[in-house]
Amino acid sequence: MGRRTLLRGLTLAVAAVLPMVGSMAAQAAPAAATAVAVCGHTSAQPTLRQGSTGDPAIVEAQCQLDLATKPSRYTPIAADGTFGPATETRVKEFQRCAGLGVDGVLGPQTWAALNTWAAEPHTCATQGTSSTAQATLCGHTDARPTLKKGAKSDEVKEVQCRLNLAMEPFHYPPLTIDGDFGGGTESRVVELQHCANLSADGTVGPNTWAKLVDWSSRNTYCTPPRPAGYPIDGLDTAKYQHPGGAPIDWKAVRASGVEFATVKATRGLNVTDAYLTADLQGARAAGLAVSPYHFYTGTAADTGGAQADRFIAAVRATGYTGQRAGDLPPVFDLERMDDGSGRCPTFGTVDDAKVWLDRVEAAFGRTPIIYTQKSFLDGCLGSTTAFARYPLQLADYRQSITQPPLPNGSTTWAMWQYTDAAIFPGVQAPATGDVFNGTKAELDRLANR
């Protein structure tokens, strides 16, 4: 499967390695790390402090500081080659983010952490504040020629760097800033053009330059558009949304407009998510409608009943009954194996899935929701129509569709998981994002409210 069609089991595992906060992030960049010219200026990394001028390493450092701190909503500083007060302040802010000693000096440890944070998306424990937009950001050139695939130049480096600053990095992994306008750069330009409602031709002309300069220079990002016409938002959580043990601030999630959540409860025969109780109870207390979900594993024959029993016991222990105000139906996660292979569950069958569904429905008096994808049911379960009576949570990350394709026999869907990398206030890691196919009153009825 392609990057944007992976399902919950694999994408949550990938999300676990993305953002880290505070001192955890400092551990990702040991002092002995190889020096890297992330911004394409120089790999020389001398010790720098306020008053330094004329060294290309200063421009490299300023550019890297912008890439490293913008995910935490810091407005970029000028990459002008002069280590002045603004640069010293940003170095100190970065050092606090990375759990380093705060002295405003770019020494070996700060350089090492900066190389990592500039090349990969990380977030600080605290958010930056918006300030004046800067004109000189990446330090390569102020020229704005028309560029397209095949170009090789410093102007291409400027484009690549500004794309990394303009595109929300948890959705759009940063480009290598190498000055080579290849297919990856062209695709990213097209994504920017889609975000900006420009003609999506992959060419950096005057209109694309204007939007790129604007978005890269201030406290804003292009993020993938959420599906139109579905105003009710939700998210899915598991241990991967707790990097370093960080809790989810469910009040902040609710305040952002999110109205429902599905929380991982169990997997297979022997895994209960470490954050099941905290997340299920926390989301419900914050006013969200909540479902617990079970990831079905077909690694042994005829285990549906045993998997159901484990799920029932685990969620009952949290206080979930399926009947309280705010309780959405339980969710059965039926998809390909979560070991990265993309294979169908070895012993997964329609009959075994039905055993789980029937037992859980009897336990809670609610018809479970099935999380799946038409391509999975077609490819692994013979395009079965056996699940046509169940509400569906369908996963499909393509931006080119207006709703997910329905499995054979089904006539509608309840939830659409449309991205694997949504960013929510109060959550310290990307989460899968959903929309609800209905009104607030319909969601309330489904949640016994």
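Reader: Which hand does the link of Cys-39 and Cys-63 have?

Author: The link of Cys-39 and Cys-63 is left-handed, with -90° about the S-S bond. Bear in mind that this is a predicted model.

Reader: What is the S to S distance for Cys-39 and Cys-63?

Author: The distance is 2.1 Å, and the two are joined by a disulfide. Cys-39 sits in the loop between helix H2 (23–26) and helix H3 (56–69), while Cys-63 is in helix H3, so the pair ties together parts 24 residues apart in sequence.

Reader: Is Cys-39 buried or exposed?

Author: Cys-39 is buried, and Cys-63 is too.

Reader: How many disulfides are there?

Author: The count comes to five. Counting bonded cysteines along the chain, they pair as 1-2, 3-4, 5-6, 7-8, 9-10.

Reader: Moving on to Cys-97 and Cys-124. Is that disulfide left-handed or right-handed, and why?

Author: The disulfide of Cys-97 and Cys-124 is right-handed, because the torsion about its S-S bond is about 100°. Cys-97 belongs to helix H4 (residues 85–97) and Cys-124 to the loop between H5 and H6, so this pair links distant parts of the chain, 27 residues apart. The sulfur atoms of Cys-97 and Cys-124 are 1.9 Å apart.

Reader: And are Cys-97 and Cys-124 buried or exposed?

Author: Both Cys-97 and Cys-124 are buried.

Reader: What about Cys-344, which cysteine does it join?

Author: Cys-344 is joined to Cys-380 by a disulfide, at 2.0 Å from S to S. The link of Cys-344 and Cys-380 is left-handed, with -80° about the S-S bond. This pair also links distant parts of the chain, 36 residues apart: Cys-344 is in the loop between strand E5 (331–333) and helix H12 (350–364), and Cys-380 is in helix H13 (residues 374–380).

Reader: Why does Cys-380 count as buried?

Author: Cys-380 has 18% relative accessibility, and buried means under 20%. Cys-344 has a relative accessible area of 27% and is partly exposed.

Reader: Different topic. Where does Ser-131 lie?

Author: Ser-131 is in the loop between helix H5 (108–119) and helix H6 (154–166).

Reader: Last one. What separates the C-alpha atoms of Ser-131 and Arg-398?

Author: They are separated by 35 Å, and the two residues are 267 residues apart along the chain.

How values were computed. Residues numbered from 1 in each chain as written. Predicted model: local features only at pLDDT ≥ 70, side-chain atom pairs only at ≥ 80, totals over all residues. Heavy atoms only, no water. Helix = DSSP H or I, 4+ residues; strand = E, 2+ residues; numbered from the N terminus. Disulfide = S-S within 2.5 Å. Buried < 20%, exposed > 50% of the residue type's maximum accessible area, 1.4 Å probe, protein only.
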